[in-house]
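This text walks through one structure, part by part. Please have the sequence and the model open while reading.

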Amino acid sequence: YCDIVVIHFKILEYNIIVLFNMNKNIIVTGGLGFIGSNLIDLLIKKNFHVINIDKVNYSSNFYNVKNFKFKKNYKFIKCDIGDLKKIPKILSKYKPRAIFNLAAETHVDRSIDSPKQFVNSNILSLFNLLESLRKLKKINKKFKLIHISTDEVFGDILKGRSKENDSYKPSSPYAASKASSDHLVYSYYKTYNLPIIITNCTNNYGANQHPEKLIPKLIYNIINNLPLPIYGNGKNSREWIYVQDHCEALFKVFEKGKLGEFYNIGSGINLSNTQIAKILLRISKKYISTGSKVRLKYIKDRPGHDVRYALNSNKMKKKLKWLAKINIEKGLEKTFKWYLENKDYFKFLNKRDIVKRLGNKWLKKV
């Protein structure tokens, strides 16, 4: 009789495990964007069922999902994460194992011109998402929210590298809105016991990135025989990580990250804007004949432009056994080739968003 009970229990245990593994639903917010679309690609290759929630703004690009938009394990839903009617229904229907929150306004220059837009998207809409997740917790306790943030929350780091427990000193409305979002998310872990992890990453580069950002902007200009605009003296330093390395890190956090923890994600490699431009110029000459107008052009700096960002990612390396793999030269070459081979990507964007400079109407007169 005891043996029969043990066998029955083992079968029941097996069924529970099978049922749990069958739920491979993962929600990615902001999945029409740069990092989100690359993350979705990774998750689909790992056989997860991905629900992409994106409100579709200027930086959203359906070209980014063309390789998997007809896959059976991919679904797109147009929706703002702040929608208190639709989001709870989506969460209730799919009961995801994880929500990767990449929905955010991200361009510093744009935040200088329109800070309210960043407060609305990065704080108020996020607040509504957190409220929706409180409802989800009542019907599905087995999920994680991985909230993706930025190294810019730490502000100017002239020496050393920022650790997870360093104080926040954001310099731009964008960085301040992301700092606020981190604090708000963490408060929901402490107060409401929501299963949350926060990541802070360095500057990403790679395929699918909107050309308002430095590297795709430089590549676009090289391809189109335009000057290469560099703010100030070009010495502003950023830590650069290839987007696929970042996505692998996010998956590692999903698998092994501890709830309530912060994880810095970076490569440890810092380069100035001028160095990046010169590397891209050198790479471009392997593939195209650059035009006569393609040259560095130093322009007036933007307000509050931090000199240097740098993260200490030892926690990721030691606790989660993750390490960035892509060499910066190799990553930049892969990125350049992608844009060269995917010129149709630019056709999906408003040219004004590509070429017009933002954040300059507040520049001090010299």
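Leaving aside its neighbours within four places in sequence, which residues is Tyr189 in contact with? The model is a predicted one, and in it Tyr189 is in contact with Leu194, Ile196, Leu259 and Gly260. Tyr189 itself belongs to helix H6, which runs over residues 173-192. Its relative accessible area is 22%. Since buried means under 20%, Tyr189 is counted as partly exposed. Another residue to look at from here is Glu261: it lies 72 residues from Tyr189 in sequence, and the two C-alpha atoms are 9.7 Å apart in space.

The next stop is strand E5, residues 144-150. All of it is covered, as 7 of its 7 residues are buried. Lys144, Ile146, Ile148 and Thr150 point one way from E5, while Leu145, His147 and Ser149 point the other way. The residues on both sides are buried. E5 has strand partners as well. Strand E4, residues 98-101, pairs with E5 in the parallel sense over 4 bridges, and in this pairing His147 of E5 is the bridge partner of Asn101. Strand E6, residues 196-201, also pairs with E5 in the parallel sense, here over 6 bridges. In that pairing, Thr150 stands opposite Cys201 of E6.

From the strands we turn to a helix. Helix H9 covers residues 273-284, which makes 12 residues. From its first C-alpha to its last it reaches 16 Å, close to the 16 Å expected at 1.5 Å a residue. How many residues of H9 are buried? The count is 9 of 12, so the helix is mostly covered, given that buried means under 20% relative accessible area. The buried residues are Asn273, Thr274, Ile276, Ala277, Ile279, Leu280, Leu281, Ile283 and Ser284. In an α-helix there are 3.6 residues a turn, so residues three or four places apart point the same way. What covers the buried residues of H9 includes both helices and strands: helix H7 (214-223) and helix H11 (328-341), together with strands E8 (228-231), E9 (237-242), E11 (270-272) and E12 (296-299).

Next come the spaces within the model. It holds 2 cavities of 30 Å³ or more. The largest cavity has a volume of about 40 Å³. Its lining is made up of Val108, Glu152, Ser171, Ser172, Arg302, Gly304, His305, Asp306 and Tyr309. Sorted by class, these are 2 nonpolar, 4 polar and 3 charged residues.

The second largest cavity has a volume of about 30 Å³. Ile27, Thr29, Ile53, Ile81, Ile87, Leu91, Ile99 and Leu129 line the second largest cavity. Strand E1 (25-29) and helix H3 (86-94) are the elements that give two or more residues to this lining. By class, the lining has 7 nonpolar residues, 1 polar residue and no charged ones.

The largest share, 7 residues, comes from H8. The lining of the second largest pocket divides into 6 nonpolar, 2 polar and 8 charged residues.

The last stop is a pair of backbone angles. Most residues other than glycine have a negative phi. Which value does phi take at Asn47? It is near 70°, a positive value in a residue other than glycine. Asn47 is found in the loop between H2 and strand E2 (49-54). With a relative accessible area of 53%, Asn47 is exposed. Val56 is not a glycine either, and its phi is positive at about 65°. Val56 lies in the loop between E2 and strand E3 (74-78). Is Val56 buried or partly exposed? Its relative accessibility is 31%, so Val56 counts as partly exposed.

Technical notes:
Residues numbered from 1 in each chain as written. Predicted model: local features only at pLDDT ≥ 70, side-chain atom pairs only at ≥ 80, totals over all residues. Heavy atoms only, no water. Nonpolar A, V, L, I, M, F, W, Y, C, P; charged D, E, K, R; others polar. Expected span 1.5 Å × (residues − 1). Buried < 20%, exposed > 50% of the residue type's maximum accessible area, 1.4 Å probe, protein only. Contact = heavy atoms within 4.5 Å. Pairing = 2+ DSSP bridges. 1 Å grid on protein atoms, 1.4 Å probe; cavity = no way out; pocket = protein on both sides within 12 Å on 5 of 7 lines; lining within 4 Å. Points joined across faces, edges and corners; volume = space filled by probe spheres on them.
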